Amino acid sequence: MEHPNPENLIRIARRSGGEEQPEPLDLGERVRELRKARDWTLEQAARQAGLARSTLSKIENGQMSPTYEALKKLAVGLEISVPQLFTPPQRDQINGRMAMTKAGDGTEYLTTTYEHMLLADTLTKKKMLPYHARIRARTMDEFDGWVRHDGEEFLFVLTGVVRLFTEFYEPVDMRRGDSAYYDATMGHNVISISEDDATILWVTSLT
């Protein structure tokens, strides 16, 4: 079995997604969904927004078009921005979705420098790609140039000591509990400087 290189993990995750056209927005339905997501009654939501209950009811039922002032009050009451009132949720978005990965149950990808284990691999259309990695490399010579890809990346050291090399910064040594957040389009590589392979948690953005 041929295993992908580290930079290809991003492409693997993105292939599970897809392009979908947004549905036309029903403002009343959108407001109702936002209210119910907070488990608020009409009275509670109206009070939070500083609107009359009857006004909010008419907005939700499409019986009136709210003024901009009413929209601002709604947004403040719902603790969102006005544009978010007009941003429909994706069709396949499910509030409260979750994936649990038991220790050792992730999807493994092996390379000469890293052993990756993808976490939450059962979820599609993720906005983050989390994975556990065992760092096998001991020198930069083991890499075929820089690893770079779209998005941003968070690295957290679980065990051992690693040295993080980046294209524009001096190398930095990191121990258990240390973390780094960086632009992943910048070249980066990680080696273990422990006697044993170090392990880290990597989380890469996909948007």
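**Notebook: a cavity, a helix and a sheet**

I looked up the second largest cavity and found that about 40 Å³ of space lies in it. I work here on a predicted model, in which local features need pLDDT of at least 70 and side-chain atom pairs count only at pLDDT 80 or more, while totals for chains, interfaces and linings use all residues. I number residues from 1 along each chain as its sequence is written, and side-chain values use heavy atoms, with hydrogens and water left out.

I noted that a cavity is a set of points, on a 1 Å grid over the protein atoms alone, where a 1.4 Å probe fits but cannot get out, and that its lining residues have an atom within 4 Å of a point. Grid points are joined across faces, edges and corners, and a volume is the space filled by probe spheres set on the points. By this rule I count 2 cavities of 30 Å³ or more.

For the second largest cavity I listed the lining, which includes Arg35, Leu56, Glu60 and Leu78. Helices α2, α3, α4 and α5 each give at least two residues to this lining, and the largest share, 3 residues, comes from α5. Helices (H or I, at least four residues) and strands (E, at least two) are DSSP runs, numbered from the N terminus.

I then turned to arginine 35, which has its place in helix α2. Arginine 35 is buried, with a relative accessible area of 10%, where buried means under 20% relative accessible area with a 1.4 Å probe and protein chains only. Leaving aside neighbours within four places in sequence, I found arginine 35 in contact (heavy atoms within 4.5 Å) with Trp40, Thr41, Leu42, Ala45, Glu60 and Leu78.

Next I checked helix α4 (residues 53-60), whose buried residues are Leu56, Ser57, Ile59 and Glu60. Seen down the axis of α4, these fall within an arc of 160 degrees, so they line one face of the helix; the arc is that of the directions from the helix axis to the C-beta atoms. What covers them includes α2 (27-37), α3 (42-49) and α5 (68-78).

Last, I followed the open sheet, in which 6 strands run in the order β1-β2-β3-β9-β4-β7 with antiparallel pairing; two strands pair if DSSP finds at least two bridges between them. I saw that β1 (107-110) and β7 (179-183) stand at the edges with a single partner strand each, so one side of each is left without a neighbour in the sheet. Strand β4 (residues 152-159) pairs with β7 over 5 bridges, and leucine 155 stands opposite alanine 180 in β7.

Technical notes: Buried < 20%, exposed > 50% of the residue type's maximum accessible area, 1.4 Å probe, protein only. 1 Å grid on protein atoms, 1.4 Å probe; cavity = no way out; pocket = protein on both sides within 12 Å on 5 of 7 lines; lining within 4 Å.
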